[in-house]
Amino acid sequence: MDEKREQLDWVAAAEVEGEKPPEVPPHGPVVWARENLFSSVGSGILTVAGLIVALGFFKGMLGYIFGADRKWDAVATNLRLYFTQAYPEDQYVRVWVAVGVAMALAGLSAAIWRANGRITGYKLGGGSFGLAGGLLTLLLLSPFSWRARLIYLLVALVFIGIGQYLRSVRPKLEVPALGVIVGTLAVLVGSLWVVPYGKHTFVDGQVQPPRPGTVAMTTKLPWTVMLLVMIVAYFVGKAVRDKVSPGLAKGLLSAGWMLLLPIDYFVILRDPALDYGQVFRVDVPIFLAFAVAGSAILWWLSSPHRGEIGRVVAGAMVIGAGVFWLAAAFGLSVRQIVRIDLVMLAVVALAAPTFAGEKAIRRKFIIGWVVILALVNYLAMMVNTPSTVDVPGSFPLGGFSLTLLVASATLMMSFPIGLILALGRTSKMPIFRLLSTTYIEVIRGVPLITILIFFKIILNLFLPDGMVLGNEMAAILGYSLFSAAYLAENVRGGLQSIRKGQYEAAAALGMSTPQTTSFIVLPQALRAVVPPLVSGVIATFKETSLLFIIGLFDFLRIGYVVVGGQTAFVGSQRENLLFVAFIYWIITFSISRSSVQLEKKLGLGER
Amino acid sequence: MVIKWISQVVVLILVVVGLAFFAAQAGSNLRAKNIDTSWRFLSVNPGIQLGEGIDVNPETGARALWVGMVNTIRVSVVGLILATILGTIIGVARLSKNWIVNKLSTTYIEIIRNVPLLVQILFWAAVISNWPELTHGAGPIDGWLIITNKGIGLPRIFPSIGFYQWMVVVIVGAYVGRRVYNKRETEREETGRETHALVSGLGVVLAFAAVGLLIHPVFGFLGPVFTAIGDFVGGIPVFVVQLLLSAAMVAAAALWIKRFLDNLRTPAGLAKLTDDDIFRIVFAGFAALMGIVLVFIVWPGLSAWLIHSSRDFFHFLGDKFEWLRTGRPLDAERPAITQTGRFPNFSSSGLVITKAFGALLFGVVLYTAAFIAEIVRAGILAVPKGQTEAAGALGLSRGLALRKVVLPQAMRVILPPMGNQYLNLVKNTSLAIAVGFADLVQVGQTLYNQTGRTLEVVAIWMGFYLAMSLLISVIVNFFNVRLRIVER
Amino acid sequence: MTGLESRADMIVCQGVKKWFGDFQALRGIDMTVEEREVVVVLGPSGSGKSTLIRCINRLEVHQEGRIFVDGIELTNDLRNIEKIRSEVGMVFQQFNLFPHLTIMDNITLAPIWVRKKPRAEAEALAMELLERVGIPEQVDKYPGQLSGGQQQRVAIARALAMEPRVMLFDEPTSALDPEMIKEVLDVMKELARTGMTMIVVTHEMGFAREVADRIIFMESGEIVEEGTPEHFFTNPTEDRTKLFLSQIL
């Protein structure tokens, strides 16, 4: 029956080809307006009311922004304060290097992940019309001079012309999306050379032109370099991508993104002063000892013939490491790094049976261990070495860079915690479930601010003697533990969406529970919850503004308190808040937009 | 199997030991700093002044925190109502076929959702600061609507002396009105005639309220009755209340276990219990036991507190009634401006939305409304198109189809995330601290700055917000169960 | 059917055209259905059958041509549409029962709220209809607890409860398991015997042959051929009809 129907479909399709082309019903702006604005009396009233609201809103907003007595100088003069607070000028090249690393990674990623989306001429034309519409609104509703309005009108007409050309003449034209993005960025960076956005000093009520010389004082050259770095990285990636295995390249890049934050912060921005004698006497030997001994143990554990003994040994190692860690409280003095390494080794050992198998897999497993060990030890060494960058106050970063640091550190730390909590809450083991559920529900039941205050004020009371956590680190810890609970709930949604058949199929293939979880369940669950995870990221990013309340110099505090409190700019709080809001908005809006794109892509991938 | 249990117990022990370790550390650190944990600060005068609330010069720490809680609840309740109304309107507007209404609501949502709430609250505070100075005769409508940089003054209606006596009549009226409504509704269903059930029901209530204005002095006789009840409650021995509480907890646990087992019962008899099920049952029993320990040993004051507060409640009610007392049930007053020091300020009359309250309220309402709008929209979209079509094919008008077919199904999808948003709103009011509104967190912070009792204050914060979360989830859950759709 | 008595025209379509975007779904349909007539619409999927009957109920809006139901023309006037919809019953492929209401409430909802019937009367009618479709015992259950065939029978009862003058069936058996098709078709046959005016879109050839007074064959949005079942199945004139029949039989 079904087969027959399919054939019929085919017949029907074949017949349609021969028919006369369908008559197109009438379309036009008047019809459009009647259908979409004045379809009934009620709709007409709504349209008029809506128009009045919209006009009032935009007129008020633009009138405010472009009003003559607005103090936008407060923002323009303090851009450096806004983004890096008091990072010393003579060391400022470090900031650019840190940004450059991210740019290079972005360029490489675009090449390796083959960002080859295309935009049609029709869509580009729509964008052009949109721009023109924005300009027209601007010139109609803003308090501009007639001369300025004329210029805006001309520019708008040019955009309308481009849009009309693209829509009617070249609607099928296809442009790489990447090209459009880079082109837009190039226009923005290029405009730095022409338009003086940021006026850098403000003395006696006068805006001073930027002093030449230092990189810190002018941004046009560095941003041009950044853009070039990204483009060069893209082409390097493009040249390399066919010569290496895609899995390796993607893995390395992912690791690079994960390491971006610690490397940028601890190595580049803090610039630790290494004492090489100490390094070779202590740090390197510890690393070598763990690398060699650890590899031997793991090799033995991951042998396919080990069986139950392996698990028992690994479990014993975990308990041993835990006891060793707690022993510090009772006076056992060992270097912190040794304890960390021991715990890491124990955790990796637990995973060993999962990777038990042929030699090649075991070798990869061992290499993975040595690489992780090296990274952790290197970072720990850098963290423990005093910084050479002399910053007033205890923390080198402030303003937007602090906001970004807290947000990304929170995301990185909350992810593993949240994952464990979600697995715990869905596990069949009642005590794990009870513990995770209690934790999640308690954390979700209280406001973030109480947790932040708790961590800022009281945490140090709970720590062993001699151990002190800086305010920033305490805040990051508080944020991480808070977001982890929400993340766990999102992941749980994904875990529960996995159908029973998947578990049964994995069991039928003889996979163990950890194997099923890590190779079958988690990949599917995480893919299913991408949209809520992205909303979680956005929420975390917005929540960083609460740093303001616990007295840290984040983006909001710089704008509201520091800049707003400068004697030259008394009463500029609304301007500063609008600027802060605008930057937050740009970032969260683009994240949510790209998440929609990602969703579509993932949705297509499923079919 | 055995390994599973061993690993769980080991983790449990590790967690307990870890917590104990931190607690011990905290204890020794506190002793080293000569700080001891105690709740005495709750009963002494903290010497602080609060920005606004039912009592701006609280005599004890507990009273100060109570004022903060009331403020939190006040802003939360007003916020919940306004955010729900605004959010629903915007959510429906986003589904509108009218292009401009649709785009406007989308713009609203995209702007509001993507800017941190704290920034918005501070922005509103800054906006209010730029409103006109507060002066005598400030407008726009002097004596009725006063908009100034210190807040907004509005007329208010408030319960006066005769209110409680009058309420007795109104409550009776509400009961009778409900009966009339039900009767009329049945009549309409049975005969098919329009009987205006809602109008007649409300009419009865209004009639009672009007009559109550005249006859309420008679109900003063209830005063001694309430006082007597209060005396009786106050006379109950603590021991009895403890027993009652324990019995209630055991009964609750037993009921839970019974229902749990009923769910597992199959026609072939009780299903085999898994470890997990046994653990749940044991845990329920254990929880009841812990409750009893709490009532008798850990916190014996709880029962006494229950007795005292119920006695005080009835005595409070009793004081509000007096035989043949004639006083207006409701009163109204206009906002006014007085000057005691150098600057004029709002007097205590009228409804004054202070700058801090206004900034916080605008912030949370506008912010939450954007999220509620998305939920409402998603909920309505989640009802399959076929449902509307089927309703239309049966001849139901669009309004009727929305009311009888679409909304009941959309509510099911809307309610759980809506509960989350309500919870978020309540938690977000804690950002009041940034604009100096005297909510629980702000009062708590002032209090621990004065007394150094940080740990205790944080514990009270968490307890309060957890209780609020629990309350909201219980309410949402109640409606959710009622709306559940039966599947095979 | 005798065809001697004169019967009123129940549904009249004149040059009905309908587009979805640039795709033309109906290319000028002229059709008349008389009172008490059973018309079965056949055709390959995508030929516009469903669109046609959805236009008759104004679930879709036609852009050109005119449609009359019982002498009333379908226009944008809301009162007209509601009047027509309460005269025309419709049964959907996906049942579209209201999952939050019991079977009884599903059936009585429209009679009570649209026809303003007393509840007792509406419930008595509902019971009668449930007896007729053979599932009176399910009255207090929810749609989710019923099988597909039972749900479709409830849907028919629900449409009949409005005492419509015409019934439209949009592939009523396509979403059903084979063993449930018969129970629904039996109800429809019984309904046809009582003299209900029916337009049925279906792929069930047996039903068409047995019950239909007239068969309309559609393809690519046009009526290709129409006639009695006998004529249609044994002696079709058009090549496209022959091709269709050769593939389906």
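**Exercise 1. How many salt bridges does the rule find across the interface of chain A and chain B? Then describe this interface.**

Note that the model is predicted.

Step 1. Count the salt bridges. The rule finds one across the interface of chain A and chain B.

Step 2. Name the partners. The side chains of Arg593(A) and Glu110(B) meet in a salt bridge, at 4.0 Å from N to O. The cut-off is within 4 Å.

Step 3. Find the elements on chain A's side. Those giving two or more residues include helix 2 (29-36), helix 3 (41-65) and helix 24 (573-606) of chain A. Helix 24 of chain A gives the largest share, 11 residues.

Step 4. Sort the residues by class. The side of chain A that touches chain B has 42 nonpolar, 10 polar and nine charged residues.

Step 5. Chain A brings 61 residues to the contact and chain B brings 60. The buried area is about 5,300 Å², and carbon and sulfur atoms give 76% of it.

**Exercise 2. Describe the interface of chain C and chain B.**

Step 1. Count the residues. In chain C, 32 residues are in contact with 28 residues of chain B.

Step 2. Give the area. About 2,600 Å² is buried between chain C and chain B, with 61% from carbon and sulfur atoms. Phe98(C), His100(C) and Trp113(C) supply 23% of the area that chain C buries against chain B, more than any other three residues.

Step 3. Look for charge pairs. The rule finds one salt bridge here. Glu389(B) and Arg54(C) form a salt bridge through their side chains, at 2.3 Å from N to O.

Step 4. Count the polar contacts. Five residue pairs are in polar contact across the interface of chain C and chain B.

Step 5. Place the residues. Among the elements of chain C that each supply at least two residues are helix 2 (78-87), strand 6 (88-91) and helix 3 (103-113). Helix 3 of chain C gives the most, with four residues.

**Exercise 3. Which strands stand at the edges of the open sheet in chain C, and why does each have a side without a neighbour?**

Step 1. Write the order. The open sheet in chain C has four strands in the order 2-1-4-5, with antiparallel pairing.

Step 2. Read off the edges. Strand 2 (23-34) and strand 5 (72-73) of chain C each have a single partner strand, so one side of each is left without a neighbour in the sheet.

Step 3. Check one pairing. Strand 1 (residues 9-20) and strand 4 (residues 64-69) of chain C pair in the antiparallel sense over five bridges. Gln14(C) stands opposite Arg66(C) in strand 4 of chain C.

Step 4. Helix 1 (residues 49-56) of chain C lies across strand 1, strand 2 and strand 4 of chain C. Helix 1 runs at about 60° to strand 2 of chain C.

Methods:
Residues are numbered from 1 along each chain as its sequence is written. Chains are lettered from A and ligands numbered from 1 in the order in which they are written. This is a predicted model: local features need pLDDT of at least 70, side-chain atom pairs count only at pLDDT 80 or more; totals for chains, interfaces and linings use all residues. Side-chain values use heavy atoms; hydrogens and water are left out. Two strands pair if DSSP finds at least two bridges between them. Contact means heavy atoms within 4.5 Å. Axes are lines fitted to C-alpha atoms, for helices over the stretch in contact, and angles run from 0 to 180 degrees between N-to-C directions. Buried area is the accessible area (1.4 Å probe) that two parts lose on being put together, summed over both. A polar contact is a pair of N or O atoms within 3.5 Å; within protein, one must be able to donate a hydrogen and the other to accept it, and residues adjacent in sequence count only if both atoms are side-chain atoms. Ala, Val, Leu, Ile, Met, Phe, Trp, Tyr, Cys and Pro count as nonpolar, Asp, Glu, Lys and Arg as charged, and the others, Gly among them, as polar.
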